[in-house]
Amino acid sequence: MLLQVGGKRSALGLLAIRRVWSMSRSAHTASQTLEYKPIKKVMVANRGEIAIRVFRACTELGIRTVAVYSEQDTGQMHRQKADEAYLIGKGLPPVAAYLHIPDIIKVAKENDVDAIHPGYGFLSERADFAQACVDAGVRFIGPTPDVVRKMGDKVEARAIATSAGVPVVPGTDAPISSLQEAQEFSNSYGFPIIFKAAYGGGGRGMRVVREYEELEENYQRAYSEALAAFGNGALFVEKFIEKPRHIEVQILGDKYGNVIHLYERDCSIQRRHQKVVEIAPATQLDPHLRDRLTADSVNLARQVSYENAGTVEFLVDKHGKHYFIEVNSRLQVEHTVTEEITDVDLVHAQLRVCEGRSLPELGLKQDKIRINGYAIQCRVTTEDPARGFQPDTGRLEVFRSGEGMGIRLDSASAFQGAVISPHYDSLLVKVIASGKDLPAASAKMSRALAEFRVRGVKTNIPFLQNVLSNNQFLNGTVDTQFIDENQDLFNLKPVQNRAQKLLHYLGNLLLNN
């Protein structure tokens, strides 16, 4: 009898637990339902290839698209690719037009825009823009304004990384306000040191100082560059890591606390702190180091309840130690190579997360993310390597691209008759090559670049071909000093013979594999 009563009590207890679980599950489902709100119309507050990239993703998902354009961009392709297009920044300088938040918000409100995608550059990492969207009742396709603010402040981002247990390069805890503070730091840590803009990136406001005599001049130059680029000349100082690799991890979070990584990219091939060629995954990377990089990235993202797409950047020294640099709270130029090796459309994911979908709903669980082969991205720009990479402008009299199996092209102004403007970034087309391994991807990239024919403006294609044919690149042992230490990369001979030699070499590698 006692057993029977006990059994009844156990049954009742189990029933109660089931009811509580069922109620909590229903409540969770209800909260998810309340969070979910389909997006019907998206504006891209940007221009060029990234605007078109987002428009294509929207069209695939049945979402109507809205472009904005400056007076100088009236004939640009991103205007033609959208369902609707509106002029912004009338009377303003070319760049200022895309930074004019009131105009952008006004267009969004007047045309029933549900959400704004910031692209990269311009307003993409401006917390005040993210907040302006929220205040206007328009969704910002990215992290919350508070997270954008925290990640945009490199000093605060360092503090968050430290609290998450992520190693950081020794540096100042707050922006410095005088040359004397820089002198005190160098006295404590020695040279070399590096100045970095506290409120921006992309290599602007960044200066390496190797000896005391260079300190004052480089401090003044870094301050002026940061002030001109970001409207704030605040700098912080770090110990400079010699010849590191630049490795970044792609992360993705949702509104429910789920965070995953999509592995890493090697962005070590840089010129003046500007990325030139990106590779995914990183070659010659110790599996244990990969695990530490990805785990630290996810932990850091969880520390701030990170939502949507982002990138955590690290330096890896010659001893295999990694150091946090920054978080880019936006889609990166080089997101393409991650898409190619994981088969995950990052812009689709951004849009769905913004609507309120969870990552598991989208089939994005960590154990489902796999690396498949290698991908390389080359940034073809209208810059003349023979003249110190001076930007070139004019009309494209001839344009024929390299295409074929394993080649992806992301572009906007790459067509015959297009006018290359002096007002904006010199990026002409992003060429992405995919293959089963690095030699296969390199062979496809080299073949594609050799097929390009561009007349009317100079491009950096000969320089890129030199990079691809360099043994250090082919062996996967590049670091951030690779370009500076290989002056033969600037030997710009006619490309046909060089391309044929490289393809022959890569073909032998493929046959041996």
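Q: Which residue stands opposite Ala-433 in strand 21?
A: In this predicted model, Ile-407 is the residue opposite Ala-433 in strand 21.

Q: Why are strand 19 and strand 21 called paired?
A: Two strands pair if at least two bridges are found between them. Strand 19 (residues 407-411) and strand 21 are joined by five bridges, in the antiparallel sense, and therefore they meet the definition of a pair.

Q: What makes strand 14 a partner of strand 21?
A: Eight bridges join strand 14 (residues 374-381) to strand 21, whereas at least two are needed for pairing. These two strands run antiparallel, and Gln-377 stands opposite Ile-432 in strand 21.

Q: Why is strand 21 described as largely enclosed?
A: Strand 21 (residues 427-435) has nine residues, and eight of them are buried, so the rest of the structure largely encloses this strand. Buried means under 20% relative accessible area.

Q: What makes helix 14 largely enclosed by the rest of the structure?
A: Of its 14 residues, 11 are buried, so helix 14 is largely enclosed. Among the buried residues are Leu-438, Pro-439, Met-445 and Leu-449.

Q: What span does helix 14 reach, and what span is expected?
A: Helix 14 (residues 438-451) reaches 20 Å from its first C-alpha to its last, close to the 20 Å expected at 1.5 Å a residue.

Q: Which residues of helix 8 are buried, and what do they pack against?
A: In helix 8 (residues 154-163), the buried residues are Lys-154, Val-155, Ala-157, Arg-158, Ile-160 and Ala-161. They pack against several elements, including helix 7 (145-152), strand 6 (193-197) and helix 11 (287-303).

Q: Why is Asn-308 called buried?
A: Asn-308 has a relative accessible area of 0%, and the cut-off for buried is under 20%, so Asn-308 counts as buried. This residue lies in strand 12 (residues 308-316).

Q: What makes the link between Asn-308 and Gln-350 a polar contact?
A: The side chains of Asn-308 and Gln-350 are joined at 3.0 Å, and the limit for a polar contact is within 3.5 Å. Asn-308 also touches other residues, including Ile-141, Leu-252 and Cys-354.

Q: How many disulfides does a search of the whole structure find?
A: The search finds zero disulfides.

Q: How many residues does the protein chain have, and what share counts as buried?
A: The protein chain has 513 residues, of which 53% count as buried. There are 18 helices and 22 strands in the chain.

Notes
Residues numbered from 1 in each chain as written. Predicted model: local features only at pLDDT ≥ 70, side-chain atom pairs only at ≥ 80, totals over all residues. Heavy atoms only, no water. Helix = DSSP H or I, 4+ residues; strand = E, 2+ residues; numbered from the N terminus. Buried < 20%, exposed > 50% of the residue type's maximum accessible area, 1.4 Å probe, protein only. Expected span 1.5 Å × (residues − 1). Disulfide = S-S within 2.5 Å. Contact = heavy atoms within 4.5 Å. Polar contact = N/O pair within 3.5 Å; in protein donor to acceptor, adjacent residues only side chain to side chain. Lists of a residue's contacts leave out its neighbours within four places in sequence.
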